[in-house]
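Subject: Structure handover

Hello,

The structure is placed below for your use. My notes on it follow.

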Amino acid sequence: FVFMGWESQLRSFVDEHASKDAVDREQQTLQHFTTVWAEIERREHEQEPTLATIPRFYVKRSLEDPGLHNCVFGAARSRVLRQRGLDLLGDEDLETMWNTIFRTISPEERMNYETFCNIGQELGASYKSVFTPQMFMKFAPDEFGKIA
């Protein structure tokens with residue numbers, strides 16, 4: 001990038017036009033800064049032509065119809081919250097899970113990953129989000145890879 005020198009150019013321009021009033025000086029400074037910046041961008045595009053084809057990742061939102069945006073945002077938010085509510089286990093589900101775990105292993109035993117997966121399969125699809133490899137790794141394993 002060729003950013004060196006624009007500060008000194010801008011300062012020399014301001015010093016040359018110091019006698020004018022503040023508003024004119026501000027407008028001229030902005031105009032001069034814009035031309036210097038455009039020249040820098042032109043040089044960059046000449047050195048690296050792919051800079052002109054880089055896609056924009058941020059597009060400013062239109063303020064023409066904020067009602068539609070708010071409506072869509074609210075509907076999406078309620079849908080996500082409803083889905084997350086369905087993903088949570090209730091008291092009966094948690095009780096069933098604990099009973100199945102303690103029926104499979106005793107409270108003093110440690111569980112390996114195979115047993116963890118078997119319990120998840122036994123409980124069914126509603127417990128799928130609980131019996132994942134990521135959830136197994138959240139527990140501290142012993143030297144044999146078993147969890148308590």
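Is Tyr 113 buried, partly exposed or exposed? Tyr 113 has a relative accessible area of 35%, so it counts as partly exposed; the classes are buried for under 20%, exposed for over 50% and partly exposed in between, with a 1.4 Å probe and protein chains only.

Some conventions come before the rest. This is a predicted model, in which local features need pLDDT of at least 70 and side-chain atom pairs count only at pLDDT 80 or more, while totals for chains, interfaces and linings use all residues. Residues are numbered from 1 along each chain as its sequence is written, and side-chain values use heavy atoms, with hydrogens and water left out.

Overall fold

The chain has six helices and zero strands, where helices (H or I, at least four residues) and strands (E, at least two) are DSSP runs numbered from the N terminus. Of its 148 residues, 15% count as buried. Contact means heavy atoms within 4.5 Å; among contacts between residues at least 6 apart in sequence, 45% join residues at least 24 apart.

Aromatic pairs

A pair of aromatic rings is described by the distance of the centres and the angle of the planes. Rings of Phe, Tyr and Trp (its six-membered ring) pair if their centres lie within 6.5 Å; planes under 30 degrees apart count as stacked, over 60 as edge-to-face and the rest as tilted. The count by this rule is six aromatic pairs. One of them is Tyr 113 with Phe 116, which is stacked because the ring centres are 6.3 Å apart and the planes are at 25°. Both residues belong to helix 5 (residues 113-123) and are three residues apart, about one turn of the helix.

Phe 116 counts as buried, at 5% relative accessibility. Phe 116 also pairs with Phe 131, in a tilted arrangement with 5.0 Å centre to centre and 50° between the planes. Phe 131 sits in the loop between helix 5 and helix 6 (133-138), so its pair with Phe 116 of helix 5 ties together parts that are 15 residues apart in sequence. Tyr 113, Phe 116, Phe 131 and Phe 136 form one aromatic cluster.

Nonpolar core

A nonpolar core is a set of buried Ala, Val, Leu, Ile, Met, Phe, Trp, Tyr and Cys residues joined through side-chain atoms within 4.5 Å. The largest one has twelve residues, including Phe 116, Phe 131, Phe 136, Met 97 and Ile 147. Helix 4 and helix 5 each supply at least two residues of this core, and helix 5 gives the largest share, three residues. Leaving aside neighbours within four places in sequence, the contacts of Phe 131 are Met 97, Ile 101, Phe 116, Ile 119, Gly 120 and Leu 123.

Largest pocket

On a 1 Å grid over the protein atoms alone, a pocket is an open set of points where a 1.4 Å probe fits, with protein on both sides within 12 Å along at least five of seven lines; lining residues have an atom within 4 Å of a point. The largest pocket holds about 280 Å³ of space, the volume being that filled by probe spheres set on the points. It is lined by 16 residues, and the closest to its centre are Trp 98, Ile 101, Met 111, Phe 139 and Ala 148. Helix 4 (residues 91-104) gives the largest share of the lining, four residues.

Ala 148 lies in the segment after helix 6 and is exposed, with a relative accessible area of 72%. The C-alpha atoms of Ala 148 and Glu 108 are separated by 8.1 Å, although these residues are 40 residues apart along the chain.

Regards
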